Amino acid sequence: DHKKEYCAAQFDQTEGKKKGLERSASDLGTEIEETKEGVATLAEEIEALKAGIAALDKSVAEATEQRKAENAEYKELMASDTAAKEVLGFAKNRLNKFYNPKLYKAPPKRELSAEDRIFVNNGG
């Protein structure tokens with residue numbers, strides 16, 4: 001009788017442990033599935049971020065090219081503006097020579113080197 005009660009108690013205890021372990025295994029299986037889904041989601045997000053970075057790199061490269069082109073255009077414009085200002089200065093000075101001689105500034109005399117004098121004297 002005593003052994004039968006002991007065995008029944010052991011069966012109940014073992015059955016309780018078994019259910020607990022089954023529940024624990026089921027919970028772990030669910031957790032594993034959730035973790036796999038999380039990993040898959042993160043992998044998709046990483047791929048999206050990589051694509052975004054590639055697009056951003058392309059955009060930065062295009063912007064750099066555009067800035068370089070605009071800078072070259074600006075430098076060319078500034079050079080032509082400077083040349084135009086010099087030409088206008090010469091023209092203004094020449095007009096001053098005729099219309100307003102007091103404001104006329106004679107161009108500075110050039111000091112020629114020996115080679116330049118020979119060249120100019122020979123018709124150059």
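Select Leu95, Phe98 and Tyr99. Together they form a nonpolar patch on the surface, with about 420 Å² of accessible area. Patch members need over 30% relative accessible area and no salt bridge; nonpolar side chains (Val, Leu, Ile, Met, Phe, Trp, Tyr) are joined within 5 Å, like charges within 9 Å. Areas come from the Shrake-Rupley method with a 1.4 Å probe, and for residues only the protein chains shown count as cover.

This is a predicted model: local features need pLDDT of at least 70, side-chain atom pairs count only at pLDDT 80 or more, and totals for chains, interfaces and linings use all residues. Residues are numbered from 1 along each chain as its sequence is written, and side-chain values use heavy atoms, with hydrogens and water left out.

**Stop 1: the aromatic pair**

Stay on Phe98. It is found in helix H1, residues 2-99. Helices are DSSP runs of H or I with at least four residues, strands are runs of E with at least two, and both are numbered from the N terminus. Phe98 counts as exposed because its relative accessibility is 64%. The classes are buried (under 20% relative accessible area), exposed (over 50%) and partly exposed (in between), with a 1.4 Å probe and protein chains only. Tyr99 is exposed, and so is Phe98.

Now show the rings. Rings of Phe, Tyr and Trp (its six-membered ring) pair if their centres lie within 6.5 Å; planes under 30 degrees apart count as stacked, over 60 as edge-to-face, the rest as tilted. The count by this rule is one aromatic pair. Phe98 and Tyr99 form it: edge-to-face, 4.8 Å centre to centre, with 90 degrees between the planes.

**Stop 2: Asn96**

Select Asn96, also found in helix H1. Is Asn96 buried or exposed? It is buried, because its relative accessible area is 16%. Asn96 touches Pro101, Leu103 and Tyr104, not counting residues up to four places away in sequence.

Leu49 has its place in helix H1. At 57% relative accessibility, Leu49 counts as exposed. Draw the C-alpha to C-alpha line: Leu49 and Asn96 are 68 Å apart in space and 47 residues apart in sequence.

**Stop 3: the salt bridge**

Move to Lys50 and Glu47. A salt bridge puts a side-chain nitrogen of Lys or Arg within 4 Å of a carboxyl oxygen of Asp or Glu. The structure holds one. Lys50 forms a salt bridge with Glu47, and the closest N and O atoms are 3.9 Å apart. The two residues are separated by about one helical turn, because they are three residues apart in helix H1. Glu47 counts as partly exposed, at 49% relative accessibility.

**Stop 4**

Select Lys75 in helix H1. Lys75 counts as exposed at 54% relative accessibility.

Glu76 has 60% relative accessibility, so it counts as exposed. Pair Glu76 with Asn122: the two are 46 residues apart along the chain, and their C-alpha atoms are separated by 38 Å.

**Stop 5: helix H2**

Select residues 114-121, which make up helix H2. How many of its eight residues are buried? The count is zero, and H2 is hardly covered. Step on to Gly123, which follows H2 and has a positive phi near 100 degrees.

**Stop 6: zoom out**

Show the whole protein. It has two helices and zero strands. Its C-alpha atoms fill a box of roughly 145 × 40 × 20 Å along the principal axes. The radius of gyration is 47 Å, whereas a compact globule of 124 residues would have one near 14 Å. That radius is taken over C-alpha atoms, and the globule rule is 2.2 Å times the number of residues to the power 0.38.

Finish with the surface. The protein exposes about 11800 Å², and carbon and sulfur atoms supply 59% of it. Of the 124 residues, 1% count as buried.

Note on methods. Contact = heavy atoms within 4.5 Å.
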